[in-house]
Amino acid sequence: MQKVEIGIIGGSGLYAMPGLTGLREQVIETPFGAPSDAYMVGELDGRPVAFLARHGRGHRILPSELNFRANIHGMKQLGVEYILSVSAVGSLKEEHKPTDFVIPDQFIDRTFARQGTFFGDGIVAHVGFGDPICSVVAEAFAKACEEVGVVGKRGGTYVCMEGPQFSTRAESNLYRSWGADVIGMTNLQEAKLAREAEMSYATLAMVTDYDCWREGHDDVTVEQVIAVMHQNSANAGKVVRAAVAALPAPGGKSPFSDVLKYAIMTDKTKIPAATREKLDLLIGKYL
Ligand SMILES: CSC[C@H]1O[C@H](OP(=O)(O)O)[C@H](O)[C@@H]1O
Ligand SMILES: Nc1ncnc2[nH]cnc12
C-alpha cells in the first residue's frame, strides 16, 4: 500500500475534499472497530492525501458516538504523518467573528463519555500533551490563510464539550471567564489519539456562530452553523489545499514520531499478548 502522509478530517459541512484527483475509496478495518466512513484517497496538487468525513457522509454520527480510535488508527494504517482537521466552532469572544478561521493551540476538556486513549487492557502509557497541537501543521494553516486572503488567527483555546446539545448560557459564560476562544464537540480526542499514535495534528476551526452568550444576538442553531459553513466552505477548501502545499516535503516525519519511546510504563514481559497484537502498529517498534 502506498504511504499517504497527509490526512484530512472534515467536520460539519465538509464531507468531501474539493480538488482531490484520482480518487479511490478505501475501507479500512481497525482493531478498534470501524472508522466513520471509507477514506477517500487521492492526490491534491500531486501529493497523496486521505480524506475522512468525521461524522460519515450524510452526517450520521453524533460527536459522542464517534469512534475516534478507529478514525485515527485508520490514518496511521495509511502512513499518515500530518493530520489536518477542519471543524465548525462557536465563538466565545467578540473578536472571533463568523467566517473567521482560528487555529487553536490549546484545549479544555469538558467531555465525559468518550474513549480518548489507545492504551489500557494491561498496558499503561502517558504521553506529553502540554502542547497538544503540532506547530508545523498550525503554521501551514496560518500561511495558507494568509495566501488565500482570509482571517486565520494563530493560537487560542478550544473548549471540547460533550454535546450534542449546545451549551447553556451559564456554561458559555463560564468558558468565557476562563479566557477560552472557541467551542466545539470533536477535536480533543482526535488530538490526544494522534499524539499517542505519534502523528501531528492541528485544527482549522471555522467560526460559525457566537454560541449563546452574546446579548442582542440569536443563540446558535444548526441552521446558522450550516449557513455559515456553506457560505465559507469554498474558503475552507482553498485553505486546506494551500496548507497541504505548505507542509514539509514528502518523506518528512512528524515531530511527534517517537513520543512513545519513554511513555510506556508497563514491563514488556507483562503486556498481555492480545493487547500487544492490538497495538502492534503503534508500539511494535518499541517491544
Ligand atoms: C453542526 S453544529 C455542532 C457540530 O459541529 C461541530 O462539528 P465538527 O467539529 O465535526 O465540525 C461540532 O463539534 C459539533 O459536532
Ligand atoms: N456553539 C457551538 N458549540 C459547540 N459546537 C459548535 N460547533 C459549531 N458551533 C458550536
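These notebook entries record what I looked up in one predicted model.

**Entry 1. Ground rules**

I treat this as a predicted model, in which local features need pLDDT of at least 70, side-chain atom pairs count only at pLDDT 80 or more, and totals for chains, interfaces and linings use all residues. Residues are numbered from 1 along each chain as its sequence is written, while chains are lettered from A and ligands numbered from 1 in the order in which they are written.

I looked up the confidence of the predictor, given per residue as pLDDT from 0 to 100. The chain has a mean pLDDT of 97, and 100% of its residues reach 70 or more. I also noted an ipTM of 0.99 and a pTM of 0.98 for the model.

**Entry 2. The whole chain**

I found 7 helices and 11 strands in the chain; these are DSSP runs numbered from the N terminus, with at least four residues (H or I) for a helix and at least two (E) for a strand. The C-alpha trace spans about 60 × 45 × 30 Å along its principal axes.

I then checked the radius of gyration, taken over C-alpha atoms, against the globule rule of 2.2 Å times the number of residues to the power 0.38. The chain's 18 Å agrees with a compact globule, because 287 residues would give a radius near 19 Å.

Of the 287 residues, 46% are buried, meaning that 20 or more other C-beta atoms, placed from the backbone, lie within 10 Å of the residue's own. For contacts I used C-beta atoms within 7 Å of each other. Among contacts between residues at least 6 apart in sequence, 82% join residues at least 24 apart.

**Entry 3. Helix H1**

I looked up helix H1 (residues 68–78) and found 10 of its 11 residues buried. Among them are Phe68, Ile72, Met75 and Leu78. The cover over the buried residues includes strands S1 (6–10), S3 (39–44) and S4 (47–53), together with S5, helix H4 (187–196) and helix H7 (280–283). Gly79 follows H1 and has a positive phi, near 100°.

**Entry 4. The two ligands**

I counted a residue in a shell if its C-beta atom lies within 6 Å of the ligand. I also sorted residues by class: Ala, Val, Leu, Ile, Met, Phe, Trp, Tyr, Cys and Pro are nonpolar, Asp, Glu, Lys and Arg are charged, and the others, Gly among them, are polar.

Ligand 1 has 13 residues around it, and Gly11, Ser12, Ser87, Gly184 and Met185 come nearest. Its shell has 5 nonpolar, 7 polar and 1 charged residues.

Ligand 2 is surrounded by 13 residues, the closest being Ala88, Gly90, Ile183, Asp211 and Val220. Its shell divides into 8 nonpolar, 3 polar and 2 charged residues. S5 (82–91), S10 (182–184) and S11 (200–209) each supply at least two, and S5 gives the largest share, 3 residues.

**Entry 5. Annotated positions**

I consulted UniProt, where an unreviewed entry lists Met185, Asp209, Tyr210 and Asp211 under "binding site". Such annotations may be inferred rather than shown by experiment.

Asp209 lies in strand S11 and counts as buried because it has 24 C-beta neighbours inside 10 Å. Beyond four places in sequence, Asp209 touches residues including Gly90, Ser91, Pro98 and Val220.

Tyr210 sits in the loop between S11 and helix H5 (222–246). Tyr210 has 21 C-beta neighbours inside 10 Å and therefore counts as buried. Leaving aside neighbours within four places in sequence, I found Tyr210 in contact with Gly90, Ser91 and His217.

Note on methods. Buried ≥ 20, exposed ≤ 12 C-beta atoms within 10 Å, placed from the backbone. Contact = placed C-beta atoms within 7 Å.
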